[in-house]
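Welcome! Here is a short tour of one protein model, meant to be read with the coordinates open beside you.

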Amino acid sequence: MKKIIKIGGEFDINPNILEGYPDYTPNNNTYLYSSGRSALMAILKQVSTYGKSIIHIPYYICPSVVFACEKAGFDVKFYELDKNYLFPLEYLTNIRINDVVLTVNYFGFVDDNPTILEIRNLRPDITIISDQVQSFWTYDKTEADFSFTSLRKHFPIPDGALIYSKNQPIELKFSLKESFFYKNKLIGSLLKNQSLPDNIYLKFFEDAELELDIEKEPLKASKLSHFLYEKIDFEKIRTKRNENYKYTYEIGLQFGLNFMFSYNDSVTPLNVPILLNNRDHVRKKIMNNNIFLPIHWTQSNYNICSDTAKRIGINELSLVIDQRYSKEEIYYQIEIISKMI
Ligand SMILES: Cc1ncc(COP(=O)(O)O)c(C=O)c1O
């Protein structure tokens, strides 16, 4: 029987991987926060103890980052990205002494390190945070004062996020409570693995996201996610992703896709974004072929005035290239999209 191809959506979790969990004690060398926003809030709570209260973030950003900054008590100001999706140095004149700047490694393609070094050189007073949620393999290579990444975007783990601090370790982490949202996330992933109808497991994923949205304080990851994190073969996953990423460009160029970034073999991206004039139409049509692709991010009130947020918000579609997919599935995804354009 021909295998039914289904692409996109959250990771599933095979219950067999939980074997050994009841006897597990977390390794104290790694501290996992619950989510990217928990990690960001933890960084900001610490930074606020140095008297900082204003953060500058790009207009083109997901709403959860804006809310996390506000929940941490920061006044949020926005900057427009330059044409390479980087912080524009001329914006520095708008930044007061000792403010905080957030830069973002979008999809894993935007290396913000050279810009961070320039900011540091011109304005050593500024605290710089690099958002590496979309780039797991570079979060600890940052030149920023702090960076963070989120595990559930990259791996079959219900929650978990990591912070890298260049000089100042985060101090408040030992008092954090455990997150709650991972429970619905875990149930959803286990049910998805059992190939139950979509509406059954999707409800758990949606509930988990709602619970995550209402968290107000930084939280730590579940013990279960710690356990799963320690089992992951990161290099194996990276190799598979890199193969899929390369193949996506080979085939995508043959089909004439408009990639948002050129191929760069030093990158292991989260997704491969393409730009389409009729993005919403294509996205809807490919769902009929069991292809469910994310978009990053539709415009919101806070960035209605931004040309970049508007252009990408309307046209961007994220191809999935992760370790779950074979070359056959990558080809199928691109072929179906090309037919709908
Ligand atoms: C660039 C970026 N930063 C931060 C976040 C927040 O991460 P989390 O959902 O783990 O809180 C996201 C989530 O999609 C993101 O894409």
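What share of the contacts in the protein with a separation of 6 or more comes from residues 24 or more positions apart? Such pairs account for 72% of them, where contact means heavy atoms within 4.5 Å. Please keep in mind that this is a predicted model, in which local features need pLDDT of at least 70, side-chain atom pairs count only at pLDDT 80 or more, and totals for chains, interfaces and linings use all residues. Residues are numbered from 1 along each chain as its sequence is written, and side-chain values use heavy atoms, with hydrogens and water left out.

**Overall build**
- The protein has 10 helices and 10 strands; these are DSSP runs numbered from the N terminus, helices being H or I with at least four residues and strands E with at least two.
- Its radius of gyration is 20 Å, close to the 20 Å from the globule rule for 341 residues, so the protein is as compact as a globular protein of that length. The radius is taken over C-alpha atoms, and the rule is 2.2 Å times the number of residues to the power 0.38.
- Along the principal axes, the C-alpha atoms fill a box of roughly 65 × 50 × 35 Å.

**Surface and charge**
- Of the 341 residues, 55% count as buried, meaning under 20% relative accessible area with a 1.4 Å probe and protein chains only.
- The accessible surface comes to about 15,800 Å², with 52% of it belonging to carbon and sulfur atoms; the areas come from the Shrake-Rupley method with a 1.4 Å probe.
- There are 40 positive and 42 negative side chains, and the centres of the two sets lie 3 Å apart. Lys and Arg count as positive and Asp and Glu as negative, while His and the chain ends are not counted. Each charge is placed at NZ of Lys, CZ of Arg, CG of Asp or CD of Glu.

**Domains**
- An automatic or database domain assignment gives domain 1 (36–174) and domain 2 (234–340).
- The C-alpha centres of domain 1 and domain 2 lie 24 Å apart.
- Their contact takes 22 residues from domain 1 and 32 residues from domain 2.

**Two residues to look up**
- Cysteine 69 sits in helix H2 (residues 63–71) and is buried, with a relative accessible area of 0%.
- Beyond its neighbours within four places in sequence, cysteine 69 is in contact with Leu40, Leu44, Ile55, Ile57, Phe74 and Val76.
- Glutamine 46 belongs to helix H1 (residues 36–48) and is buried too, at a relative accessible area of 3%.
- With neighbours within four places in sequence left aside, glutamine 46 is in contact with Gln168, Pro169, Ile170, Glu171 and Leu172.

Terms used. Buried < 20%, exposed > 50% of the residue type's maximum accessible area, 1.4 Å probe, protein only.
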